[in-house]
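Biologist: I am new to this structure and would like to learn how to read it, beginning with the whole chain and then turning to one part of it. Could you take me through it step by step?

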Amino acid sequence: MSQLLRVQNFTVSSDGIAAGPDQSFESPFGLDHGNLMAWAGATASWPNRTDSGGSRGLDDYFTRDFSHNIGAEIMGRNKFGPQRGPWTDPEWFGWWGDEPPFHTPVFVMTHHPRPSFSLSDTTFHFVDGDPATVLDRAREAARGRDVRLGGGVTTIREFLDADLVDTLHVAVAPIEFGSGLRLWESPDDLRDRFQLDVVPSPSGITHHLFWRR
């Protein structure tokens with residue numbers, strides 16, 4: 001496997017939930033994402049940090065590794081923005097701002113393609129295709145580097161169902177939501193195809209590291 005498809009720093013609650021059903025412009029996750037992602041925001045390598053503080057150690061390692069050897073990203077349309085159906089506002093370019101954190105080509109899966117555009121050093125392409133076809137395009141754009149599968153939940157599950165994911169890093173936060181979009185009932189759901197190491201962090205996060213058998 002010269003080019004891996006990697007899930008990185010994907011965070012779920014202790015009951016496996018990563019997003020709520022009521023996504024909106026004001027609530028991209030559809031739930032309290034502040035508590036869900038607090039572990040990453042507390043690290044020294046968090047890209048939005050404006051001071052010199054932050055934690056070091058295991059959590060910081062994963063935050064720092066986010067872009068290592070990544071040449072392209074695949075994401076679902078819901079990760080790009082809350083708009084559904086045909087694009088009604090072509091002047092809105094997603095909720096990532098003028099400096100998106102990807103710095104690579106990004107392939108947004110949607111049944112409603114639109115012209116590609118660039119913001120800083122990130123170019124968004126809007127593609128309608130099955131997971132294998134989109135992955136082929138992303139690998140070509142990555143130029144020998146790995147491809148990150150950015151989410152959300154539905155997109156990751158589509159690629160898992162197609163048996164295309166090579167490695168996953170899933171951070172499990174010590175909170176419960178009770179309802180929402182669930183990545184799994186249990187991490188053991190993936191043991192038929194993946195080896196699994198479970199590494200607890202002093203922050204309370206438990207890091208689950210999966211790699212193909």
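This is a predicted model: local features need pLDDT of at least 70, side-chain atom pairs count only at pLDDT 80 or more; totals for chains, interfaces and linings use all residues.

Biologist: How many helices and strands does the protein chain have, and what does its radius of gyration say about it?

Modeller: The protein chain contains six helices and eleven strands. Its radius of gyration is 17 Å, and since the globule rule gives 17 Å for 213 residues, the chain is as compact as a globular protein of that length. Along the principal axes, its C-alpha trace spans about 45 × 40 × 35 Å.

Biologist: What share of the residues is buried, and what part of the contacts joins residues at least 24 apart?

Modeller: Of the 213 residues in the protein chain, 45% are buried, a word that here stands for under 20% relative accessible area. Taking contacts between residues at least 6 apart in sequence, 63% join residues at least 24 apart. As for the surface, the chain exposes about 10,600 Å², of which carbon and sulfur atoms supply 51%.

Biologist: How far apart are the mean positions of the positive and negative charges?

Modeller: They lie 4 Å apart, with 19 positive and 29 negative charges in the protein chain.

Biologist: Which residues of helix H6 are buried, and where do they fall around its axis?

Modeller: Helix H6, residues 153–161, has Val-153, Thr-155, Ile-156, Phe-159 and Leu-160 as its buried residues. Seen down the axis of H6, these buried residues fall within an arc of 165°, and therefore they line one face of the helix. After H6 comes Asp-163, whose phi is positive, near 60°.

Definitions and conventions:
Residues are numbered from 1 along each chain as its sequence is written. Side-chain values use heavy atoms; hydrogens and water are left out. Helices (H or I, at least four residues) and strands (E, at least two) are DSSP runs, numbered from the N terminus. The radius of gyration is taken over C-alpha atoms; the globule rule is 2.2 Å times the number of residues to the power 0.38. Buried means under 20% relative accessible area, exposed over 50%, partly exposed in between (1.4 Å probe, protein chains only). Contact means heavy atoms within 4.5 Å. Accessible areas come from the Shrake-Rupley method with a 1.4 Å probe; for residues, only the protein chains shown count as cover. Lys and Arg count as positive and Asp and Glu as negative; His and the chain ends are not counted. The place of a charge is taken as NZ of Lys, CZ of Arg, CG of Asp or CD of Glu. The arc is that of the directions from the helix axis to the C-beta atoms.
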